[in-house]
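Good morning, and thank you for coming.

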Amino acid sequence: LIREFPPTGDVVLVCDSEPGERLIVEGMVKAVNGEPIIGALMYFYQTDATGVYSSSGGNATMGDSLNPRLFGYLKTDGEGKYRITPIRPGAYPNSGPPAHIHVEIEAVGFRSRTTEIMMGDCPRLTDEARAWARNEGFPVAEIRRDEKRTLRGTADFRLGLSGGE
């Protein structure tokens, strides 16, 4: 039901009692020609502040990521925009990729996309990892504090038509 009846434009991925620093990530979903995609279904999931996906204490294994505790669905609004309120995701314990939020996007007439929003201020996001992310089409959200001291980042996505570019 959560997937079938998502909110439009905005979703909170964590409850008030979730440990970690709140973050706002927003952006747009567009076609490759730059036109906004209205009503695209977006699924987000992330690790908690300690770098694990579930309360089972898994170490970011595939099985752990299949049952994330912090997740949400939404549909892009009438301008193709979205906004999520997660916490800053923790990087996987001990090793692994930079901190990120997983994103799956579906829209009628477009190819589905599975990607990640990389956290631009993660120490594991080296110049090499940043170049790899850009090359793979993973947006890097440059994290900053606004005038109210809220952490914010932006990540836009482009979808190709289902029959080609």
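Residues are numbered from 1 along each chain as its sequence is written, and side-chain values use heavy atoms, with hydrogens and water left out.

First, confidence. The predictor's confidence in each residue, pLDDT, runs from 0 to 100. Its mean over the chain is 91, and 92% of the residues reach 70 or more. Helix H1 (residues 62–65) has the lowest confidence, a mean of 54, whereas S5 has the highest, at 98. Where pLDDT is low, the predicted coordinates should not be read in detail. Helices (H or I, at least four residues) and strands (E, at least two) are DSSP runs, numbered from the N terminus.

Next, the core. A nonpolar core is a set of buried Ala, Val, Leu, Ile, Met, Phe, Trp, Tyr and Cys residues joined through side-chain atoms within 4.5 Å. Buried means under 20% relative accessible area, exposed over 50%, and partly exposed in between, with a 1.4 Å probe and protein chains only. The largest nonpolar core has 31 residues, and Phe44 is among those that touch the most other members. Several strands each supply at least two residues, including S3 (41–46) and S7 (113–119); S2 gives the most, with 4 residues. Contact means heavy atoms within 4.5 Å; not counting residues up to four places away in sequence, Phe44 touches Tyr82, Ile84 and Ile101, among others.

Now helix H2 (residues 127–136). Which of its residues are buried? They are Ala129, Arg130 and Ala133. They lie on the same side of H2, because they cover an arc of only 100 degrees around the axis, taken from the directions from the helix axis to the C-beta atoms. Asp127, Glu128, Arg134 and Asn135 are exposed on the other side. S7 and strand S8 (140–141) are among what covers the buried residues.

Arg158 belongs to strand S11 and is partly exposed, at 42% relative accessibility.

Finally, the cysteines. The structure holds 0 disulfides, a disulfide being a pair of cysteine sulfur atoms within 2.5 Å. Cys15 is partly exposed at 46%, whereas Cys122 is buried at 12%.

Technical notes: Predicted model: local features only at pLDDT ≥ 70, side-chain atom pairs only at ≥ 80, totals over all residues.
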